Each structure stands twice: as C-alpha cells, then as structure tokens.
Amino acid sequence: MAMNNRIALGCAFGWGLAGVIFVSVALGTNFWFYDGTKSSSGVWSGVAYGVVELGSYANEGSRQDLQDKGAWNFNKWKDAVDSSDGQNDCKKAAENGLAWGILGLLATAPAAVICLLSCLCQRAGCLAKALNMLAIGSLIFAVIAWIISPSVLAGQCSDFNKSIGSNIRPSASWGIACMVCGILCAVISLAAYLAWFCTSGDQDPSCQQKEGHFNENHSHGGHSHAQYHKDQGFHQTTGTMAQA
C-alpha cells in the first residue's frame, strides 16, 4: 500500500477519533443552552441544560460565579418538575438528542475497525469492498445522527426558552460548539476515507488476480473451442477427399 494511501486512512481515523471525543464531551456537559442575568435586587439567576440534565442558579455574587458548575442545581430531565410551558417537549427532545448522539458514537465503531484493518491488511479479499461500503455508510449515519441531536433540542426547546423569564433567554453554549466541532471532524474523516476508497480501496489485488485467471481461462476455452471446430472441418475435408 502506497504511503499516500496510508496517510489518507490515518487522516480518516484521526479525524474520526477527534469527532468521537468532541461529541462525548458534548453529551457529558449540561451547557448546551445557557443564560444568566442579574435582577434589580442584586441576585444572579440562570438556566442551563443539555441532553442529560436541567440546571438552575439563583444566588448573590458575580457573573463569574455562573461559570462554577458546583454552584448550580442540576437534576436529571426525567426528575425535573414541569414548571414552565414547553418543558415537557424540551424533556422529550433531550431524550431524543441523547439517543441520536449515542447512536452516532456507536456507528463510528465499525468504521474505525474497518479503517484499521484496511491500513494494516493489504489484502482483505473480495470482501474488502463490502466492508469499505459499510464503513462509509457508518460514517454518513454518524454525521446525520450528530446533526439531528442538537437540531431536535434547539427546535423543541424554543417555547421553553421563551417561558423561563423575561430577562433569561438561553442560547447556544459551548456544548453545542463541541457538537459542531464533532460534526466537522466526522465530515473530514468521511472525505478522507472516500478519497482513499476512490483511489485504491476498491482495487483489491486478490480480486483482480481472480478476475485475471477467469478471463485467461475463458480465453483459453474459447481458443480450444475454435480449434476444435477447425479440426473437425479439417477431418471432414480429408474424408471427402479420400472418398473421391
């Protein structure tokens, strides 16, 4: 396998791994959407949530205290009490977003294994093309799943964001940024794998060798068949001349 092909596979694996890390971090954080404000009485309040937990903050202090996760009161979405309009829809969206994120992570597993096998094994047999198609399909599914995950949460939680309070409007935070980075890494990984597949991934030596033997045998068979008819014609001509 040429060095350029190994580099393409290495890029596909590396960028895919980076995407997995970004998405894993995003799924583990509760700051997908966040906002905090100070009331006229000097009390800071805020709301933050991700696909796992919903959190609130109410305390005197400074805005920097909002960045301290330990100062927040977080609860699982399933344990959160519906206290505002749209919270139930947002809760269902969080469950769906988490499910799509996990499905995308699971889809990268076969792609990573096939990528490593393609890099380490120069001859995977005629099954290699099918495995490569599986890897490409898995990466495409991962990209789609990771796009759906934040999109569902953003779409279904719009009413909830508006109903929290007049001064609090949660907007996309660094959890969403991690998801976007993960999606971009997955797209680059898919592009690198497609570049490798289009140049060398579908040219398995063993398959080409088998096809070459088949064509050679077929050619010899056709030649023998033609030679047989030629010999038969020669014998018939010889017999006719003998009778004459």
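In which crossing, left-handed or right-handed, does H2 pass H3? The views below show a predicted model, in which local features need pLDDT of at least 70, side-chain atom pairs count only at pLDDT 80 or more, and totals for chains, interfaces and linings use all residues. Residues are numbered from 1 along each chain as its sequence is written, and side-chain values use heavy atoms, without hydrogens and water.

**View 1. Packing of helix H2 (residues 87–120) with helix H3 (residues 128–156).** The crossing is left-handed, meaning that the near helix is turned anticlockwise from the far one by less than a right angle. The axes (lines fitted to C-alpha atoms over the stretch in contact) lie 7 Å apart at an angle of about 160°. H2 and H3 are therefore roughly antiparallel (over 145 degrees).

**View 2. Ser 138 in helix H3.** Ser 138 has a relative accessible area of 8% and is buried (under 20%). Its contacts (heavy atoms within 4.5 Å) include Ala 107, Pro 110 and Ala 111, not counting residues up to four places away in sequence.

**View 3. The ring pair of Phe 31 and Phe 74.** Rings pair if their centres lie within 6.5 Å, and planes over 60 degrees apart count as edge-to-face. Here the centres are 5.9 Å apart and the planes stand at 75°, so the pair is edge-to-face. Phe 31 is buried at 10% relative accessibility, and Phe 74 is buried at 15%.

**View 4. The ring pair of Tyr 49 and Trp 77.** This edge-to-face pair has 5.7 Å centre to centre and 80° between the planes. Ring pairs link Phe 33, Tyr 49, Trp 77 and Phe 160 into a cluster.

Terms used
Axes fitted to C-alpha atoms, helices over the stretch in contact; angles between N-to-C directions. Helix = DSSP H or I, 4+ residues; strand = E, 2+ residues; numbered from the N terminus. Parallel < 35°, antiparallel > 145°, perpendicular 65-115°, else oblique. Buried < 20%, exposed > 50% of the residue type's maximum accessible area, 1.4 Å probe, protein only. Phe/Tyr/Trp six-rings, centres within 6.5 Å; stacked < 30°, edge-to-face > 60°.
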